[in-house]
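Please look over the sequence and the model shown here. The paragraphs after it go through the fold step by step.

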Amino acid sequence: MGKTIVICGHGPGISDAVARKFGKEGFSVALVARSVDKLDSALKVLSAAGVRAAAFTTDLGDPVAVKAMIGKVRESLGPITVIHYNAYAGGAGDLTTSDAAELRTSFDVSVTGLVSAVQSSLSDLVAEKGAVLVTGGGFAFYDSKIDAMATQWNAMGLAVAKAAQHKTVGLLSAKLSPQGVYVGEVVVLGAVKGTAFDSGHANLDANDIATKFWDLFVARKELSAQIG
């Protein structure tokens, strides 16, 4: 049976480019997001390109829903070889005024969902000598200038969630690498063209980032790569 990649948090930028790149390399592709219409549109493009693909509407901040989704992917497309985790939530922009529930949501989408996806697919990942590939962000880094930028952009909750996710990537790598599972991230330091973050001055191409993810997957050595 062929290889399958689960794209958690599919959208028009990085994750779509990763789906097309891995599909071109012979992977079956599971697209996961909350928007049925957007998933259906992306599914048609992949299918037209000859990629075996299926769509799964899921709230990635709900670990029970994530576990159920992984089971459906396995039934539909076979054993899971790669988890690409690209989901994020942008709530709790101002930590001094935002509802604490917004921060919890942001954390759950970035971290709890990732952990649930890995746990639910772990037997496959180990058997397949697979990989967990995570889209990271520069807001995760401990730097006064970055903290000031996240505050100015009203993205404090996202910064907290990405920092926790960055640590999670390292911990998962330490735990899973002895079992033959590669874990790595691409930290995106800039805006990606054609996404919600593109105000007309985006400097990054999603296809370049997808190629970087593929290179990490093939080499299986580097824990954290930066682009931008």
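Does Thr58 count as buried or exposed? At 7% relative accessibility, Thr58 counts as buried, where buried means under 20% relative accessible area, exposed over 50% and partly exposed in between, with a 1.4 Å probe and protein chains only. This is a predicted model, in which local features need pLDDT of at least 70, side-chain atom pairs count only at pLDDT 80 or more, and totals for chains, interfaces and linings use all residues. Residues are numbered from 1 along each chain as its sequence is written, and side-chain values use heavy atoms, with hydrogens and water left out.

Thr58 sits in the loop between β3 (53–57) and α3 (63–77). Helices (H or I, at least four residues) and strands (E, at least two) are DSSP runs, numbered from the N terminus. Leaving aside residues up to four places away in sequence, Thr58 touches Val32, Ala33, Arg34, Ala65, Val66 and Met69; contact means heavy atoms within 4.5 Å.

The sheet comes next. Seven strands form an open sheet, ordered β3-β2-β1-β4-β5-β6-β7, with parallel pairing. Two strands pair if DSSP finds at least two bridges between them. Strands of a sheet pair through backbone hydrogen bonds, either parallel or antiparallel. The edges are taken by β3 and β7 (224–227), each with a single partner strand, so one side of each has no neighbour in the sheet. From one strand to the next the twist averages 15°. Axes are lines fitted to C-alpha atoms, for helices over the stretch in contact, and angles run from 0 to 180 degrees between N-to-C directions.

Strand β1 (residues 4–8) is joined to the parallel strand β4 (residues 82–85) by four bridges, and Ile5 has Val82 as its bridge partner in β4. Helix α3 packs on the sheet, where α3 touches β1, β2 (28–33), β3 and β4, and the direction of α3 makes about 160° with that of β3. Five bridges join β1 to β2, and these two strands also run parallel. Cys8 stands opposite Val32 in β2.

How many of the five residues of β1 are buried? Five of the five are, so β1 is largely enclosed by the rest of the structure. In a regular strand the side chains alternate between the two faces of the sheet. Both faces of β1 are covered, with Thr4, Val6 and Cys8 buried on one side and Ile5 and Ile7 buried on the other.

Further along the sheet, Leu133 lies in strand β5. Leu133 counts as buried, at 0% relative accessibility. Residues up to four places away in sequence not being counted, the contacts of Leu133 are Phe22, Val82, Ile83, His84, Tyr85, Tyr182, Gly184, Phe213 and Phe217. The C-alpha atoms of Leu133 and Phe107 are separated by 18 Å, and the two residues are 26 residues apart along the chain.

Helix α7 (residues 206–219) lies across β4, β5 (131–137), β6 (182–188) and β7, and runs at about 155° to β6. Helix α1 (residues 14–24) packs with α7 at an angle of about 55°, their axes 8 Å apart. The two helices α1 and α7 are therefore oblique to each other; angles under 35 degrees count as roughly parallel, over 145 as roughly antiparallel, 65 to 115 as roughly perpendicular and the rest as oblique. On the α1 side, Ile14, Ala17, Val18, Arg20, Lys21 and Phe22 meet Ala206, Asn207, Ile209, Ala210, Phe213, Trp214 and Phe217 in α7. By class, this contact of α1 with α7 has ten nonpolar, one polar and two charged residues. Ala, Val, Leu, Ile, Met, Phe, Trp, Tyr, Cys and Pro count as nonpolar, Asp, Glu, Lys and Arg as charged, and the others, Gly among them, as polar.

Another helix pair is α4 (residues 100–128) and α6 (residues 156–176), which pack at about 20° with their axes 7 Å apart. That angle makes α4 roughly parallel to α6. The contact involves residues including Leu103, Phe107 and Leu114 of α4 and Leu158, Ala161 and Leu172 of α6. The residues of the contact of α4 with α6 divide into 13 nonpolar, five polar and no charged.

Two loop residues remain. Most residues other than glycine have a negative phi, and most peptide bonds are trans. Ala92, in the loop between β4 and α4, has a positive phi near 55°, and at 1% relative accessibility Ala92 counts as buried. Arg220, in the loop between α7 and β7, has a positive phi of about 55°, and at 30% relative accessibility Arg220 counts as partly exposed.
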